Amino acid sequence: MGKTGAAKPEPTGMAAGLNKGFIVTRRELKAKPSYRRGRKSERVALVREVVREVVGFAPYERRMIELIKIGSASTFKRSLKLAKKRLGTHRRGKKKRDEMSEAVSAMRRKA
């Protein structure tokens, strides 16, 4: 999520052209804390896991799990539609559907 990419070519020292500009030595800047935004820490992962164990699934999540368990393509799509309705966006819905299908496969592995 941070600013990473191709290294900028060195300026030529000329006033015109693609890499125009005064030649300076580039400083290595310390990574800003904002670049870590969105990365899940170990503590947060542990807390979420414990909460999931204690609280269980929400009613809509249980319904999604039932749809995924059926296993047909139409019910898989239906679970996405349900998630989108509850969560608001397509991306969040896809993420939740993947999470629920992972939960179903974990249940199958355990049983």
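This is a predicted model: local features need pLDDT of at least 70, side-chain atom pairs count only at pLDDT 80 or more; totals for chains, interfaces and linings use all residues.
Residues are numbered from 1 along each chain as its sequence is written, and side-chain values use heavy atoms, without hydrogens and water.

Start with helix H1, residues 42–55. Helices here are DSSP runs (H or I, at least four residues), numbered from the N terminus. Leu46 lies in H1. Leu46 counts as exposed because its relative accessibility is 53%; exposed means over 50%, buried under 20%, and partly exposed in between (1.4 Å probe, protein chains only). Leu46 also belongs to a nonpolar surface patch with Val47, Val50, Val51, Val54 and Val55. Together they have about 560 Å² of accessible area.

Move on to helix H2, residues 59–70, which holds Glu66. At 46% relative accessibility, Glu66 counts as partly exposed. Glu66 and Arg43 are 23 residues apart in sequence. In space they are 30 Å apart, C-alpha to C-alpha.

Now look at the packing. H2 and H4 pack at about 65°, with axes 9 Å apart. That makes H2 roughly perpendicular to H4. Angles of 65 to 115 degrees count as roughly perpendicular, under 35 as roughly parallel, over 145 as roughly antiparallel and the rest as oblique. Helix H3 (residues 73–87) and helix H4 (residues 90–110) have axes that come within 8 Å and cross at roughly 125°. H3 is therefore oblique to H4.

Methods. Patches are made of residues with over 30% relative accessible area and no salt bridge: like charges are joined within 9 Å, nonpolar side chains (Val, Leu, Ile, Met, Phe, Trp, Tyr) within 5 Å. Accessible areas come from the Shrake-Rupley method with a 1.4 Å probe; for residues, only the protein chains shown count as cover. A salt bridge is a side-chain nitrogen of Lys or Arg within 4 Å of a carboxyl oxygen of Asp or Glu. Helices (H or I, at least four residues) and strands (E, at least two) are DSSP runs, numbered from the N terminus. Axes are lines fitted to C-alpha atoms, for helices over the stretch in contact, and angles run from 0 to 180 degrees between N-to-C directions.
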